Amino acid sequence: MPSLPQIAEVLAPYGLAVTGAFHPAPAEGPEGVATLCMVGADGSAMWPAFAASPEHADGDANPLDRWSARVIGGAAAALGATAFFPFGGPPWQPFMAWAGKAEGAVPSPIGMMVTPSRGLHASWRGALGFAEALDLGALPPAGASPCAPCSAPCRNACPVRAFGEGGYDTAACARHVRSAAGAACRDAGCLARRACPASATIAPAQAAFHLSAFVAARADG
């Protein structure tokens, strides 16, 4: 049965970390899983590892998902775990519910999930499921939502007010990012995410990659 430091050691070469973990009740996790460890970027360390990968260079679709499947799948095999991913469905795994249990993730004022330790730059590349109940005492407590005491600068940071009472106007966002005026978003990622005081530091190229992937998927923007 691996310890959290052993799991961290396996993930570290890829710039990944256990961002939170919990012991799911029978209705919360996959059958036979006693511990779920959420796996995400270790700050800005993930981007250099991914950028040097064959998936990043091969020009095929979904390079980050394919890289995540390979490296987290390999980590699972090395640790005697089962790998789960937020992509590749259906069926889809309830990653947002898992993130809430493991890391205190909640919807932010603009709808995106936010966590106490990573703010609006929270994302999950996968999860590791263990049949054993691992000792999770080394993980810090999830903490309270960072939004309660916050003035919500994320609400007004978007130049085209894509986050409104009607929800996320994805088409307006995509049009702006593609335009000449959208250079700040294209170069370093979503301004609303960057405005969150709780957001963890990530490489600007990583933030820009995620936003460009979103825009490329928008046919109506």
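A: Two strands are said to pair if DSSP finds at least two bridges between them, and the strands themselves (E, at least two residues), like the helices (H or I, at least four), are DSSP runs numbered from the N terminus. The model is predicted, so local features need pLDDT of at least 70 and side-chain atom pairs count only at pLDDT 80 or more, while totals for chains, interfaces and linings use all residues. Residues are numbered from 1 along each chain as its sequence is written, and side-chain values use heavy atoms, with hydrogens and water left out.

The strand in question is S2, and strand S1 (residues 16-22) is joined to S2 by six bridges, the two running antiparallel. Within this pairing, Val-18 stands opposite Val-39 in S2. S2 also pairs with S6 in the antiparallel sense, over five bridges; here Leu-128 in S6 is the bridge partner of Cys-37, and Met-38 stands opposite Ala-127 in S6. Four strands in the order S1-S2-S6-S3 form an open sheet with antiparallel pairing, whose edge strands, S1 and strand S3 (82-84), each pair on one side only. Ignoring direction, neighbouring strands of this sheet are turned by 30° against each other on average, where axes are lines fitted to C-alpha atoms, for helices over the stretch in contact, and angles run from 0 to 180 degrees between N-to-C directions.

Seven of the seven residues of S2 are buried, so S2 is largely enclosed by the rest of the structure; buried means under 20% relative accessible area, exposed over 50%, and partly exposed in between (1.4 Å probe, protein chains only).

Leu-36 lies in strand S2 (residues 35-41) and is buried, with a relative accessible area of 0%. Leaving aside residues up to four places away in sequence, Leu-36 touches a set of residues including Phe-22, Pro-24, Phe-84, Trp-98 and Leu-128, a contact being heavy atoms within 4.5 Å. Leu-36 and Leu-134 are 98 residues apart in sequence, yet their C-alpha atoms are 9.1 Å apart in space.

Turning to the charged pairs, a salt bridge is a side-chain nitrogen of Lys or Arg within 4 Å of a carboxyl oxygen of Asp or Glu, and by this rule the count comes to five. One of them joins Arg-70 to Glu-55, with the closest N and O atoms 2.6 Å apart; Arg-70 lies in helix H4 (residues 63-79) and Glu-55 in helix H3 (residues 54-57), so the pair ties together parts that are 15 residues apart in sequence. Arg-70 is partly exposed at 42% relative accessible area, whereas Glu-55 counts as buried at 7%. Another salt bridge links Arg-118 and Glu-103, the closest N and O atoms being 2.8 Å apart; Arg-118 is in the loop between strand S5 (113-114) and strand S6 (126-130), and Glu-103 is in helix H5 (residues 95-103). Here Arg-118 counts as buried at 9% relative accessibility, and Glu-103 counts as buried at 3%.
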